[in-house]
Amino acid sequence: MIYLEKSAAGSKMAEFLDKKGRSIIEVEDGFTPENSKENILITSQRNTFVHKCPATKIYRCCGLNVADVIEGCPFDCTYCILQSYLNHEYIKVYGNLDGIEEEMRAFNSQGKGRLCTGELSDSLALDGMLGLSEFFVPIANQLDNIQFELKTKSACVDRLLKLNPKNIIISFSLNPQEIITKEEHGTANLKNRLNAAKMCAEHGYRLAFHFDPIIYYDNFENGYRELIKELTSVINQDSVEYISMSTFRFMPELITIIRDKFDRSILTGQEYITSLDGKMRYPKHLRSHMLKTVVRFIKSDWKDVFIYFCMEHSSIWEKIFGGDPGERDELEALFPHYRAKS
Ligand code: SF4
């Protein structure tokens, strides 16, 4: 069900949904929908949309900027941080699209930058219903300093195939199918994600892939080897802008939520340590082994692709890549977007 706060009735988002003929229930401001992922609330509340992805100095950060218009996700991944971060299951959508457009234009005027919408939701999971790609993509097409990323575990790319791919990255988070089945409830299966990626590449979009979170389990080596074989046989390296990697990490309270909510998650039977930023991670030797293994599998097929680690310690960078990429700006400057001629 889509609920619209009265004071959001004139918003661009409401106009957008009206044009698409969506059925909407108007509600008083402050209304709280039943706490279900099936409910969407369009709110008139104000928000600052564009901001730096939260990071600590202890681990290397890529300097990504995020723009959160949607809070909440129809998918139900066992490891999703939103379960401990948001205090609601229903999906909140900020109606003030004019506000985000202004912030995107201001961001573009500051020089080159990377901007992604997938921090507090999946960027495309609701695209069939809300059609927000038709709002974001034409704006990003005009903003040549920005590389605008839509990040997903869905295969919802139909609308994208009618839009201009200029300045846009479509990124897919990947895991072996057995992990998708056990841990990424409601998401597209691996085959469909890869087919969607292929269609996007054929349409002219640049692609990215996120191996995040990489999960340790009995069949870890075989699982990731097969996944990468499938990826590199379906997708051409030339269409890939970058690949990110990170092992599963979480705030301590998340593991209790996972235990209470999901029956057979692989994540609850593992050993974790408390790391320097207070999050739980696999022990360092295991993280290093996992990242090294996945890098090796990728590099054996795609020698030239740009790979970075999301929030990993400089010593792991040194061990696997032979050097520390440095603080935010230094790591960010390594991305193809900054090396491309303007
Ligand atoms: S797709 Fe992302 S935002 Fe959605 S449930 Fe999974 S981890 Fe959370």
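## A tour of two helix pairs

Start by selecting residues 284-301, helix H10, together with residues 314-321, helix H11: the two pack with their axes 10 Å apart, at an angle of about 40 degrees. Helices here are DSSP runs (H or I, at least four residues), numbered from the N terminus. Axes are lines fitted to C-alpha atoms over the stretch in contact, and angles run from 0 to 180 degrees between N-to-C directions. H10 is therefore oblique to H11; angles under 35 degrees count as roughly parallel, over 145 as roughly antiparallel, 65 to 115 as roughly perpendicular and the rest as oblique.

Before moving on, note that this is a predicted model, where local features need pLDDT of at least 70, side-chain atom pairs count only at pLDDT 80 or more, and totals for chains, interfaces and linings use all residues. Residues are numbered from 1 along each chain as its sequence is written, and side-chain values use heavy atoms, leaving out hydrogens and water.

Now show the side chains where this pair meets. On H10, pick Lys284, Arg287, Ser288, Leu291, Lys292 and Val295; on H11, pick Ser315, Ile316, Lys319, Ile320 and Phe321. Contact means heavy atoms within 4.5 Å.

Next, select helix H7 (residues 190-203) and helix H8 (residues 220-234). Their axes come within 10 Å and cross at roughly 25 degrees, which means that H7 is roughly parallel to H8.

Which residues make this contact? Look for Leu190, Leu194 and Lys198 on H7, facing Leu227, Glu230, Leu231 and Val234 on H8.
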